[in-house]
Amino acid sequence: METFATWVSFALTLCILSFLYRDNPLYKFAEHLFVGISAGYYIALAYQETLRPNLVDELARGNLWRLIPLVLSLLMFTRFSKGLAWLSRWPLAFIVGMYAGINVGAYGRGDLIIQLEATMLDFLHGGWGGVSNFLLVAGLAASLIYFYFSKEHTGPLRVVSRVGIGFLMISFGASFGYTVMSRISLAIGRARFLLADGTIAAILVAIITVILVVWSRRTRSRPGEST
Amino acid sequence: MPGALLRKLEFVDRRWLFLMMACAIVIPLIFPVPLPIAVTDMVQDLYDSIEDLPEGSVVLVSVDYDPTGKPELEPFHVALFHQIARKKLRMVIVSLWSPAPPLTEQVIAEVGLETTYGMERGVDFVHLGFKEGRQIVMESMGRSLRQTFPVDRDRTPVSEIPLMQEVDKYDDFAMLINISAGSPGVKEYVQVVQSQYGIKMTGACTAVSGPDYVPYYDSGQMLGLAAGMKGAAEYEVLVGLPGSATAGMVAQSTTHLLLVAFIVFGNVMFFLARKRRS
């Protein structure tokens, strides 16, 4: 059974990777299978981990307070009826209000205040540390000025906003570098998975390549096919 | 450069680039070359902050990633459990991501918490599993962990679990360690838990999230952070167990070099083509 699962997971991985050659039926098959299984898995998980312990089991124990979230949940489905759609605003208002209440305080405490404090640095003392602090403060101020639109960016304001763009570009470059690293890590993960049993991978690569070559020749004459 | 060759290179089929990229990933994995890995302050501080905890301390580990995040976060997860077990710390494991608990069980088995280190489930560590609710669960754990998770992953009531009799609120934990692939994760824990309860916090995140979370380390809200496969590789070096992240860093390096070459090549071709047209 485990060997079969390995073959299936290897084959599906290669089917997905075959998209790099061009869009093809093998990729479509794997993609649809993934979407369908994911939907089924998450529905089952939502029932087992959330609905059953928090609602079904509690109602079975006689906890009638849980009827309130049940009714609110059912009201969400009134969106499908034109006449009753307004009722769905109640559960949505509850969700938005609750998360707003939690997040406003959380952002204020965790991000705004403490991060502001973290930028109030002494850059007159401390040698290289002071230089680093100066760059941080100057970069922050210049970047903020770039987003100041109440006055035309001319003269000194233009110079500072250009410096701000420079800092922003460095920041975007760092983010891009980290994003590339993240995506390459995923590719390495798949490659390591396939190399764990190179024989199976090689056989499947050969089979998929043959299928793609045959399919490619058959569809070559069809108009409007993109590569 | 001859015009025909220039035109050919200008419109090179992108699949050749994919093939080169695949080679840059696969060849170093088949023929690994050991590369030195320099440990950054951020990861060193993470390691030290755990190392400084007294033996027997209880840490709260929130595992919040799915199979997509495995290549980046599982190496850290494995190394973390090794460090926790060696230091003889105890831990309570929770998840705010539904696919995380099976991954945690795999790591528990791989590290051998029960078999190799002799840690006892329920006494030395507890796996409470997944709870839906994102930030609401974080808030709720601040009031009472036992009420938030009335049973553990195996449906054992927490009232019957010895370790759970010692901990109930964030104050009862020596540290919060978050392994995060996104939201809810590090950001939410910092905002909702660390800033409100003042608990010591460290963690690991995917490389994509790294630049967003580094300011939390700079401001002292997090004691340390391991970002992406590189952070995990550094942490593996510190724990003394080079694993899949360390092995993957060679492929990372070759791929990054190739990408730099692609960017240079693309720019050179762009300017040559513009010159030719003018």
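Q: Is B:Cys23 buried, partly exposed or exposed in this predicted model?
A: The relative accessibility of B:Cys23 is 38%. Buried means under 20% and exposed means over 50%. The value for B:Cys23 lies in between, so this residue counts as partly exposed.

Q: Is B:Cys205 buried or exposed?
A: B:Cys205 has a relative accessible area of 1%. The cut-off for buried is under 20%. B:Cys205 is therefore buried.

Q: How many disulfides are there over all chains?
A: A disulfide needs two cysteine sulfur atoms within 2.5 Å. By this rule, the count over all chains is zero.

Q: In which sense do strand 5 and strand 6 of chain B pair?
A: Strand 5 covers residues 201-205 of chain B. B:Gly203 stands opposite B:Leu225 in strand 6. Four bridges join the two strands, and the sense is parallel.

Q: What handedness does the β-α-β unit with helix 9 of chain B have?
A: Helix 9 spans residues 210-218 of chain B. Together with strand 5 and strand 6 of chain B, helix 9 makes a unit that is right-handed.

Q: Which residues of strand 6 of chain B are buried on the side of B:Leu225?
A: In a regular strand, side chains alternate between the two faces of the sheet. Strand 6 has B:Gly224 and B:Ala226 on one side, both buried.

Key
Residues are numbered from 1 along each chain as its sequence is written. Chains are lettered from A and ligands numbered from 1 in the order in which they are written. This is a predicted model: local features need pLDDT of at least 70, side-chain atom pairs count only at pLDDT 80 or more; totals for chains, interfaces and linings use all residues. Side-chain values use heavy atoms; hydrogens and water are left out. Buried means under 20% relative accessible area, exposed over 50%, partly exposed in between (1.4 Å probe, protein chains only). Two strands pair if DSSP finds at least two bridges between them. A crossover is right-handed if, with the strands pointing away from the viewer, the path from the first strand over the helix to the second runs clockwise.
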